[in-house]
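This briefing is meant to be read with the sequence and the coordinates open side by side. Please keep both in view while going through the points.

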Amino acid sequence: MMFPFLKKAASNIVNKPSTEAFPNPAAKGLGNYRGRIEFYPEKCVDCGMCIKVCSPGAITREETPAEGGKNVKRTFDLTSCTFCGMCEEFCDDCSIKLSQDYHMVEEDAEKLCTTGTSFIKDIEGEIVCEIGGCIFCGLCMRNCPQQTINVDRPNKVWEIDHEKCIKCGICIGKCPKKVLSYGEPDETHIG
Amino acid sequence: MFRKLMSKSAMKSPWLYHINSGSCNGCDIELVACLTPRYDAERFGFKLAGTPRHADIVVVSGPITSQSKDRLVRTLAQVPEPKCVVSIGSCPRSGNVFKGSYSIEGPLEKYVHVDVSVAGCTPKPEAIMEGLYQAAQILKKKREVMGK
């Protein structure tokens with residue numbers, strides 16, 4: 001073909017320009033793009049894992065007492081965030097999500113914050129383990145955000161540090177034998 | 001009248017000056033991508049200027065290292081008024097993961113008022129475009145105020 005560009009030139013008459021349209025507020029990042037943080041405070045149990053894993057320290061927590069519990073306000077500072085997605089990955093309750101929204105442009109940097117207040121109910125009793133049913137698998141120990149539980153499988157020991165425990169209840173959900181619960185330690189329950 | 005014409009034309013073509021104050025290069029390549037035909041910031045009149053004395057909009061990336069601090073302050077002082085400062089990425093606003101390091105002298109707000117901040121690490125070129133466009137609008141207002 002002598003003029004290979006002719007075909008392209010002819011098609012370009014009807015084609016749209018390759019330049020992206022602007023502004024396009026509905027556009028989203030593709031694939032696994034990690035953008036603006038979305039926080040669902042009603043799902044949060046205030047385990048504090050997100051704050052621990054956040055490398056730039058972009059997540060702050062503010063506690064105010066309320067009737068029958070406490071109000072915990074979490075602030076995700078997007079001008080400090082490095083969008084690594086660790087908080088989302090470590091959140092046990094799926095209350096943090098990095099959306100594909102990349103339109104994070106503000107004149108006032110205060111607006112570049114995601115906030116949410118979750119109500120954390122006061123729980124009576126402590127985490128206890130039913131001795132008979134426990135298989136000492138150690139899942140509760142591995143998933144505890146405060147490292148309060150110690151499981152020694154060979155010696156069949158299950159221990160918890162009640163002073164450090166924040167009663168997030170993640171261990172109860174993770175237990176495959178459902179032997180963990182809130183209660184008071186007695187002959188059949190250790191805690 | 002000549003002055004009026006100058007200011008009107010300058011409004012339509014804000015020139016950019018890019019300062020890298022210790023950035024990892026992520027935001028810098030996205031800013032360059034912004035000027036390519038795919039995103040084409042030049043359709044709004046943006047153009048990279050070679051010297052801060054020609055610039056209207058200053059784009060800062062990076063967490064402001066102690067080595068680059070003096071240069072940053074000096075360069076910002078050379079930009080004629082009215083100017084507009086745009087911060088790209090998390091670093092200039094807060095220091096990002098380098099926050100608290102012995103060699104970081106940020107945030108940028110300590111040295112100059114930041115007009116527009118673009119969040120992201122790194123922001124997409126589309127987001128940078130939005131930031132630049134917003135900066136151009138602010139610049140327009142500043143010019144109008146100065147003209148009166």
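What follows covers the contact between the chains, the aromatic and charged pairs, and a few individual residues.

The model is a predicted one, and the values below are computed from it. Chain A and chain B bury about 2300 Å² between them, of which carbon and sulfur atoms give 52%. Over all chains the structure holds nine salt bridges and seven aromatic pairs.

**The contact between chain A and chain B**

- The contact draws 24 residues from chain A and 30 residues from chain B.
- On the chain A side, E20(A), F22(A) and V105(A) together supply 31% of the area that this chain buries against chain B, which is more than any other three residues.
- Eleven residue pairs, both partners at pLDDT 80 or more, are in polar contact between chain A and chain B, whereas the count of salt bridges between the two chains is one.
- That salt bridge joins R38(B) to E20(A), with the closest N and O atoms 2.5 Å apart, and it runs from the loop between α1 and β1 of chain A to the loop between α2 and β2 of chain B.
- Both partners count as partly exposed, E20(A) at 25% relative accessibility and R38(B) with a relative accessible area of 43%.

**Aromatic rings and the charges over them**

- F22(A) and Y133(B) form an edge-to-face aromatic pair, at 5.4 Å centre to centre and with 70° between the planes.
- This pair also crosses between chains, from F22(A) in the loop between α1 (4–14) and β1 (37–39) of chain A to Y133(B) in helix α5 (residues 125–147) of chain B.
- F22(A) counts as buried because its relative accessibility is 19%, under the 20% limit, whereas Y133(B), at 35%, counts as partly exposed.
- F22(A) and Y133(B) belong to one aromatic cluster that also takes in F44(B) and F46(B).
- Two lysines of chain B lie over ring faces: K47(B) over W15(B), at 4.3 Å from the ring centre, and K124(B) over Y102(A), at 5.5 Å from the ring centre.

**Salt bridges within each chain**

- In chain A, R61(A) forms a salt bridge with D46(A), the closest N and O atoms being 2.7 Å apart.
- The bridge links distant parts of the chain, since R61(A) is in strand β2 (residues 59–66) and D46(A) is in the loop between β1 and α2 (49–53), 15 residues apart.
- R61(A) is partly exposed, with a relative accessible area of 35%, while D46(A) is buried, with a relative accessible area of 7%.
- In chain B, the side chains of D115(B) and K142(B) meet in a salt bridge at 3.3 Å, N to O.
- Here too distant parts of the chain are linked, with D115(B) in the loop between α4 (91–94) and β5 (116–118) and K142(B) in helix α5, 27 residues apart.
- D115(B) is buried, with a relative accessible area of 9%, and K142(B) counts as partly exposed at 28% relative accessibility.
- Salt bridges that share partners join D46(A), R61(A), E63(A) and R74(A) into one network.

- In helix α2 (residues 26–34) of chain B, the buried residues are G26(B), C27(B), D28(B), L31(B), A33(B) and C34(B), and they pack against β1 (15–20), β3 (57–61), β4 (84–88) and α5 of chain B.
- T79(A) lies in the loop between β3 (69–77) and α3 (86–90) of chain A and counts as buried at 8% relative accessibility.
- The side chain of T79(A) makes a polar contact with the side chain of D77(A) at 2.7 Å.
- Leaving aside residues up to four places away in sequence, T79(A) touches A109(A) and L112(A) as well as S90(B), R93(B) and S94(B).
- R53(B), in the loop between β2 (47–48) and β3 of chain B, counts as exposed at 54% relative accessibility.
- R53(B) touches Q78(B) and P80(B), not counting residues up to four places away in sequence, and is 9.4 Å from L76(B), C-alpha to C-alpha, although R53(B) and L76(B) are 23 residues apart in sequence.

Terms used: Residues are numbered from 1 along each chain as its sequence is written. Chains are lettered from A and ligands numbered from 1 in the order in which they are written. Side-chain values use heavy atoms; hydrogens and water are left out. Rings of Phe, Tyr and Trp (its six-membered ring) pair if their centres lie within 6.5 Å; planes under 30 degrees apart count as stacked, over 60 as edge-to-face and the rest as tilted. Helices (H or I, at least four residues) and strands (E, at least two) are DSSP runs, numbered from the N terminus. Buried means under 20% relative accessible area, exposed over 50%, partly exposed in between (1.4 Å probe, protein chains only). A charge sits over a ring if NZ of Lys or CZ of Arg is within 6 Å of the ring centre and within 35 degrees of the ring normal. Contact means heavy atoms within 4.5 Å. Buried area is the accessible area (1.4 Å probe) that two parts lose on being put together, summed over both. A salt bridge is a side-chain nitrogen of Lys or Arg within 4 Å of a carboxyl oxygen of Asp or Glu. A polar contact is a pair of N or O atoms within 3.5 Å; within protein, one must be able to donate a hydrogen and the other to accept it, and residues adjacent in sequence count only if both atoms are side-chain atoms.
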